[in-house]
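I will keep each entry brief and spell out the terms as I go.

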Amino acid sequence: MQDLVGPALGTLALVAVGGYLLGSIPFGVVITRAAGTGDVRSIGSGNIGATNVLRTGRKDLALATLLLDAGKGAVALLIARHLFGSEAAGAIAGGAAFLGHLFPVWLGFRGGKGVATFFGLMIAACWPLGLMAGATWLIVAFALRYSSLAALIAAAATPALALLPLPVVGLPAPQPVFVLAVVTAILIYIRHHENIGRLLKGAEPRIGARKT
């Protein structure tokens, strides 16, 4: 069992708070307002993530949102892991950043669905795992044109991928990373419950479609 205790509880609590506050930064809202396109929460699905930002017609803003949302989870995890030399500290900080994105204090705890932040976390935690998760998303998204379905399949696949015995490329992942993958995947499914309903009804908008 690797690194499940690590730093003292007080330190881990501090790491969690810092990760949460970083994850709470609503880049989708900040970027679209700064660009003069209005509040992204008033269009499409009302989500603050890159897929909904794309519905403004601004691919540059969507890309910036994607990178920043992914980066905040990665940065939280990498800083904590570097400072404390602990996979557990990194996973806690990253998980807290993920929660911050889903439930940001600045937006009344109504945030995004965590997909970009999830991939950023996985790449920072164990890059081969993150790349395989991202490749899964890309394959499904390009084949079926449903961002939500691609996210759900990639999230479900990631914990299984984390167990692959591929030591040459850094797998299986450390146990805290596996736990992080499981918890974040569950939260992604919870946050996508409306998407799941629309997918079952055939009413889910495809990637690039405008929804008013």
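Before starting, I wrote down that a residue is buried under 20% relative accessible area, exposed over 50%, and partly exposed in between, with a 1.4 Å probe and protein chains only. By that rule I found that aspartate 69, at 2% relative accessibility, counts as buried. I noted that this is a predicted model, in which local features need pLDDT of at least 70 and side-chain atom pairs count only at pLDDT 80 or more, while totals for chains, interfaces and linings use all residues. I also noted that residues are numbered from 1 along each chain as its sequence is written, and that side-chain values use heavy atoms, with hydrogens and water left out.

Entry on salt bridges.
I took a salt bridge to be a side-chain nitrogen of Lys or Arg within 4 Å of a carboxyl oxygen of Asp or Glu, and the structure holds 6 of them. Side chains of opposite charge can pair when their charged atoms come close. I looked up aspartate 69 again, and its side chain meets that of lysine 72 in a salt bridge at 3.4 Å, N to O. Both residues lie in helix H4 (residues 59-84), 3 residues apart, which is about one turn of the helix; helices here are DSSP runs of H or I with at least four residues, numbered from the N terminus. Lysine 72 is buried too, with a relative accessible area of 3%. Next I found that salt bridges with shared partners join Arg33, Asp39 and Arg41 into one network. Within it, the side chains of arginine 41 and aspartate 39 meet at 2.7 Å, N to O, and I recorded arginine 41 as partly exposed at 34% and aspartate 39 as partly exposed at 21%.

Entry on histidine 192.
Where does histidine 192 lie? I placed it in the loop between helix H9 (175-191) and helix H10 (193-201), and I recorded it as buried, with a relative accessible area of 3%. A polar atom of its side chain lies 2.8 Å from the backbone oxygen of isoleucine 188. Leaving aside neighbours within four places in sequence, I listed Lys113, Val115, Ser148, Ala151 and Leu152 as in contact with histidine 192, where contact means heavy atoms within 4.5 Å.

Entry on aromatic rings.
I found 1 aromatic pair in the structure. The rings of phenylalanine 118 and phenylalanine 119 have their centres 5.4 Å apart and their planes at 65°, so the pair is edge-to-face; rings of Phe, Tyr and Trp (its six-membered ring) pair if their centres lie within 6.5 Å, and planes under 30 degrees apart count as stacked, over 60 as edge-to-face and the rest as tilted. Phenylalanine 118 counts as buried at 1% relative accessibility, and phenylalanine 119 counts as buried at 13%.

Entry on backbone details.
I noted a cis peptide bond joining leucine 171 and proline 172, with omega about 5°, and I found proline 172 in the loop between helix H8 (147-162) and H9. Phenylalanine 109 has a positive phi of about 65° although it is not a glycine, and I recorded this residue as partly exposed at 48%. Arginine 145 is another residue other than glycine with a positive phi, near 65°, and it lies in the loop between helix H7 (127-144) and H8.

Technical notes:
Helix = DSSP H or I, 4+ residues; strand = E, 2+ residues; numbered from the N terminus. Polar contact = N/O pair within 3.5 Å; in protein donor to acceptor, adjacent residues only side chain to side chain.
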